[in-house]
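Hi,

Here is the structure you were waiting for. Please have a look, then read my notes below.

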Amino acid sequence: MTASQHARDILQVAAAAADSKGAQDLVALDVSGPLPLTDVFLLASGRVERNVLAIASEVEDKLNEAGIKTLRREGKAEGRWVLLDFGDLVVHVFHEEDRMYYALERLWKDCPVLPIELPVHEAAE
């Protein structure tokens, strides 16, 4: 089984939103094989709690604007690991320390990595 086109499309919206708020180490995993309830995990890191919250808020706002409803939201109070469930896509925004500790990439290492196309940023002069 592979991720649906819908999941891949909303992945790109979420990744661009995360990138716009300075998210680091964006990784998308196709978890449609082992998980029947979702197709894609997007993992992103922020350096501090405020950055984690800004990334999560921007992802949620942009997907909601695109007509994708947030089904569940966890972790916004702490700002260390925010989980946003959009059905076909689950976004995990970690504080960089927590991402290293939980190591979801290692846990889901058998799942294929999906390409992410990010907007090109112009260099500041």
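What follows covers the cores, one asparagine and the aromatic pairs.

This is a predicted model: local features need pLDDT of at least 70, side-chain atom pairs count only at pLDDT 80 or more, and totals for chains, interfaces and linings use all residues. Residues are numbered from 1 along each chain as its sequence is written, and side-chain values use heavy atoms, with hydrogens and water left out.

The cores come first. A nonpolar core is a set of buried Ala, Val, Leu, Ile, Met, Phe, Trp, Tyr and Cys residues joined through side-chain atoms within 4.5 Å. Buried means under 20% relative accessible area, exposed over 50%, partly exposed in between (1.4 Å probe, protein chains only). The largest core has 27 residues; Val40, Leu42, Val59, Leu63, Leu89 and Val91 touch the most other members. Leu63 contacts (heavy atoms within 4.5 Å) Ile10, Val13, Ala14, Ile68, Phe86 and Leu89, not counting residues up to four places away in sequence. Apart from this core lies another, of nine residues, including Phe41 and Phe94.

Asn51 is buried, at 17% relative accessibility. Not counting residues up to four places away in sequence, Asn51 touches Lys21, Gly22 and Gly46.

Now the rings. Rings of Phe, Tyr and Trp (its six-membered ring) pair if their centres lie within 6.5 Å; planes under 30 degrees apart are stacked, over 60 edge-to-face, the rest tilted. The whole structure has four aromatic pairs. Trp81 and Tyr102 are tilted, because their planes sit at 45°, with centres 4.8 Å apart. Tyr101 and Tyr102 pair edge-to-face, at 4.9 Å and 90°. Tyr101 is exposed, at 64%.

Best wishes
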